[in-house]
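Welcome! Please take a moment to look over the structure below before reading on.

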Amino acid sequence: MKVEERPPPEPEPEVEEAAVRVPLSQRIRGFAFQLLAPVASLLIAAVLGVLVILIVQQSWGDVGDVADAMWSYGLFNRNSLAFILGRATPLIFAGLAVAVAFKAGLFNIGVEGQYAIGALAAGYVGYQLSAPTVIHLPLTILAGMAGGLIWAAVPALLKVYRGAHEVISTIMMNFVANAVLLYLLSGALKDPSQRGAIAQQQTPQVESTAQVGSMVPFFNSIGFDFRGSAPLSWFFVLAIVAAVLYALTVRRTRFGFELRVLGTNPRAAEPAGIRSNAMILKAMLLSGAVAGLAGLQDVLAIDDRMKLDYIRGYGFTAIAIALLGRNSGLGIVAAALLFSFLDRASSGIGLSTDVPKEVTDILKGVIILTIVIAYELVRRMTARRQLREQHERA
């Protein structure tokens, strides 16, 4: 039987879709929704802080004294700006480390241990190696990043090959890091000049070629009057550069796109050609490397040696900073400056008022709690608004 041959179907004419421009009013509303959560959390924290002061002191006058102390000492004291920028530097690095993991849908709770091991590695290379500054300083910073990366590699490998949850493994690695520091700073890496009852657990001083200079002379040359001992170094510039690179990587590169896809919809990652395990490994290693930078200012710019007391809670504060900053580079910098300001303001409260300076710790805790709730409410409101707009267009 002869089969009648039919010509192939003609291709349908291509329909060029015009680019849909989002009206300015919708973009303004979207930006306002983005700001709603952090603003709401800060307002709620302020209200609850006032209530705490009233409960403790039972006086409205103390509320005014606290506000005045936070404003005058926190912002207009001679060294306040230097303190805020210097204190924010490690928080920016730690916040970026947490944000990298968050973007991939991971919870890196081990930043605390990662920056401790990174600082230890940097301190070791800083005093052990002798080389010109152009070689020694970059190698010391890379050693810090390598230390954080190696410490993050353990939970990353456990996650990829054994399915161990990263929250549990990273928390456990924090305790192991503390034990490693105590062992090494009491033995093999201890400064031999530290002896007797007042001996401190610290490494020898790093070489001058591995030290990072202070930014105080630069600020004083343009009209400021900071003390020479103000804790502000050129690591602050590196932190800003890291935030910019993070933002560009997340938004402008293929790696950033795959990172966001994995974090937003893991089920769609594999069908889209994204190797989930490889991305999890890369995200955790990158997070650990950035975390390794968090403790370097203390080691290479302030005390010029690694000490046991450099475990200062940067990693846990970074979780709140990443949440408050919505995992964006600019947001993380702003959140780090806010938390640094609260630290500075707490000193003013303790010096100028009878109110316990721990009130600022309460404010931080309330911010952490309210920001999670506020973001969830804003997410639901945004989803409903988008669904309503889709129905209106349909």
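Leaving aside neighbours within four places in sequence, Gly86 is in contact with Pro231, Leu232 and Gln297, where contact means heavy atoms within 4.5 Å. This is a predicted model, in which local features need pLDDT of at least 70, side-chain atom pairs count only at pLDDT 80 or more, and totals for chains, interfaces and linings use all residues. Residues are numbered from 1 along each chain as its sequence is written, and side-chain values use heavy atoms, with hydrogens and water left out.

You will find Gly86 in helix α3; helices (H or I, at least four residues) are DSSP runs numbered from the N terminus. Gly86 has a relative accessibility of 3%, so Gly86 counts as buried (under 20% relative accessible area, with a 1.4 Å probe and protein chains only). Gly86 and Leu232 are 146 residues apart along the chain, yet their C-alpha atoms are separated by 4.2 Å.

Next, visit Asn108, in the loop between α3 (80-103) and α4. Asn108 is buried too, at a relative accessible area of 1%. Residues up to four places away in sequence aside, Asn108 touches Val98, Ala101, Gln114, Thr170, Met284 and Ser287. The side chain of Asn108 makes a polar contact of 3.1 Å with that of Gln114 and one of 2.7 Å with that of Ser287. A polar contact is a pair of N or O atoms within 3.5 Å; within protein, one must be able to donate a hydrogen and the other to accept it, and residues adjacent in sequence count only if both atoms are side-chain atoms.

Now for the helix pairs. Axes are lines fitted to C-alpha atoms, for helices over the stretch in contact, and angles run from 0 to 180 degrees between N-to-C directions.

| Helix pair | Axis separation | Angle |
|---|---|---|
| α4 (residues 111-128) and α13 (residues 314-324) | within 7 Å | roughly 130° |
| α2 (residues 60-76) and α14 (residues 329-352) | 8 Å | about 120° |

Helices α4 and α13 are therefore oblique to each other. Angles under 35 degrees count as roughly parallel, over 145 as roughly antiparallel, 65 to 115 as roughly perpendicular and the rest as oblique. The contact is formed by Val111, Glu112 and Tyr115 of α4 with Tyr314, Gly315 and Phe316 of α13.

Helices α2 and α14 are likewise oblique to each other. Among the residues making their contact are Val66 and Met70 of α2, and Phe341 and Leu342 of α14.

Definitions and conventions: Helix = DSSP H or I, 4+ residues; strand = E, 2+ residues; numbered from the N terminus. Buried < 20%, exposed > 50% of the residue type's maximum accessible area, 1.4 Å probe, protein only.
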